Amino acid sequence: MKLLPFPEKPMFLCYHNRAFPFGVVQANSPEDITKWACTKGVYCSFHPEKMNKFCFAVDDLWSFEEGLMSQQTLQIKKEYLELFNIDLLQILKTAINNGWYIHGGYNEKYVPSKNSFNQRDFMHDFLVIGYDEKNFISVGYVDDGRFKPFEIPIPDFMKAIIETTDGRTNINLFKYNTGAIPEPNIKRMVEDLKKYIATAKYFENPKQKPYLHGIAACIRLKEFFLEEIKNGCTFVDRRYTLAFYEHKWILAKLVESFLDNEDKEQYVEIANRNLGKAKTIHKLGLKISLGGNTSSINRIAEVMNEIIVSEIKYIPDLIDLLQKKYSIA
């Protein structure tokens, strides 16, 4: 068996596209990545047309520009694999043997651990971290709703990456650059905090341009939850409540990590209280989704409002403190 490092509990779990890259960095970095992660995930966005409507925004997800990762990309049409006699299986095994993670999009119709198995075509992203004689070892959400390592029989995996809905095999190979240390970008973090709080005016006047970024994205998420239930939906998307919680975790860790003990006293309690409230929101959303009783939706909106009002009050002062401490103009 060949198995590449990946954490038992990735730092972020709201979506594959957060769990995968942060998990690889978390498992390979010589140092703790909490401060670095805080400087990447302060901003957030809400896009009503996207599959993943709400999330904390991250530039350079796989950290190429920062020099943490290397990448190779393979894309080929199904008919050319045989024409050119390409041994794709051997390529993938060789890549893993040399420290490359296998990432891409596959058809979950052919993946036994997925809800779409033998049911319907469904393209989704994946990450493979190893293999043995019979299986590839992957990580991700499976049909029991949990994020965990799982095995995919080699024939099934090969079919999943070849029998795609667009007829192309799309593979990304990612490798952590040995010894690379994630460096917190404090200036970027402060600038993102400024951009985050700049859309607070939407809270007072929602009839103006419907902002989809910053704290206005959190307000739009609250409105989205209310609209969905009003329109007959009987669940609250747990990905969004988890992304909201993880964003508040970032803000709480930011206060804890970047302020001196004397300065942080007035903010640690506020940020941690907001984090606890975000956890309550996530649990209430799960309760609605499991039982179908939507009566808790007003409580979710109320608690989200409390967090938003709190952030509008304390974040401008936090920005001033950070700018002074780190001499940021």
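1. Contact here means heavy atoms within 4.5 Å. By that rule, Gly-67 touches Asn-177 and Ala-180, leaving aside residues up to four places away in sequence. Gly-67 sits in the loop between β3 (54-56) and β4 (69-77). Helices (H or I, at least four residues) and strands (E, at least two) are DSSP runs, numbered from the N terminus. Gly-67 and Tyr-176 are 109 residues apart in sequence, but 9.0 Å apart in space, C-alpha to C-alpha. Gly-67 is partly exposed, with a relative accessible area of 35%. The classes are buried (under 20% relative accessible area), exposed (over 50%) and partly exposed in between, with a 1.4 Å probe and protein chains only.

2. A word on the basis. This is a predicted model, where local features need pLDDT of at least 70, side-chain atom pairs count only at pLDDT 80 or more, and totals for chains, interfaces and linings use all residues. Residues are numbered from 1 along each chain as its sequence is written, and side-chain values use heavy atoms, with hydrogens and water left out.

3. The β3-β4 loop also holds Ser-63. Ser-63 has a positive phi of about 60 degrees, although it is not a glycine. Ser-63 is buried, at a relative accessible area of 1%. Asn-85 is another non-glycine residue with positive phi, near 55 degrees. Asn-85 is placed in the loop between α3 (78-83) and α4 (88-97). At 69% relative accessibility, Asn-85 counts as exposed.

4. How do α9 and α11 cross, left-handed or right-handed? The crossing is left-handed, a term used if the near helix is turned anticlockwise from the far one by less than a right angle (right-handed if clockwise). The axes of α9 (residues 238-258) and α11 (residues 297-325) come within 12 Å and cross at roughly 30 degrees. Axes are lines fitted to C-alpha atoms, for helices over the stretch in contact, and angles run from 0 to 180 degrees between N-to-C directions. Contact residues include Phe-244, Leu-251 and Leu-254 of α9, and Ile-307, Tyr-314 and Leu-318 of α11. The contact of α9 with α11 has 11 nonpolar residues, no polar and 3 charged. Ala, Val, Leu, Ile, Met, Phe, Trp, Tyr, Cys and Pro count as nonpolar, Asp, Glu, Lys and Arg as charged, and the others, Gly among them, as polar.

5. The largest nonpolar core has 112 residues. Such a core is a set of buried Ala, Val, Leu, Ile, Met, Phe, Trp, Tyr and Cys residues joined through side-chain atoms within 4.5 Å. Its largest share, 12 residues, comes from α11. Phe-54, Phe-157, Ile-161 and Leu-254 have the most contacts inside the core. Phe-54 touches, among others, Tyr-15, Phe-46, Leu-221, Tyr-240 and Phe-244.

6. The structure holds 21 aromatic pairs. Rings of Phe, Tyr and Trp (its six-membered ring) pair if their centres lie within 6.5 Å; planes under 30 degrees apart count as stacked, over 60 as edge-to-face and the rest as tilted. The Phe-20 and Phe-147 rings have centres 6.4 Å apart and planes at 50 degrees, so the pair is tilted. Phe-20 lies in α1 (residues 16-28) and Phe-147 in β8 (residues 147-153), so the pair ties together parts 127 residues apart in sequence. Both Phe-20 and Phe-147 are buried.

7. Phe-22 and Trp-36 form a tilted pair, 5.5 Å centre to centre, with 55 degrees between the planes. Ring pairs link Phe-12, Phe-22, Trp-36, Phe-56 and Trp-249 into a cluster.
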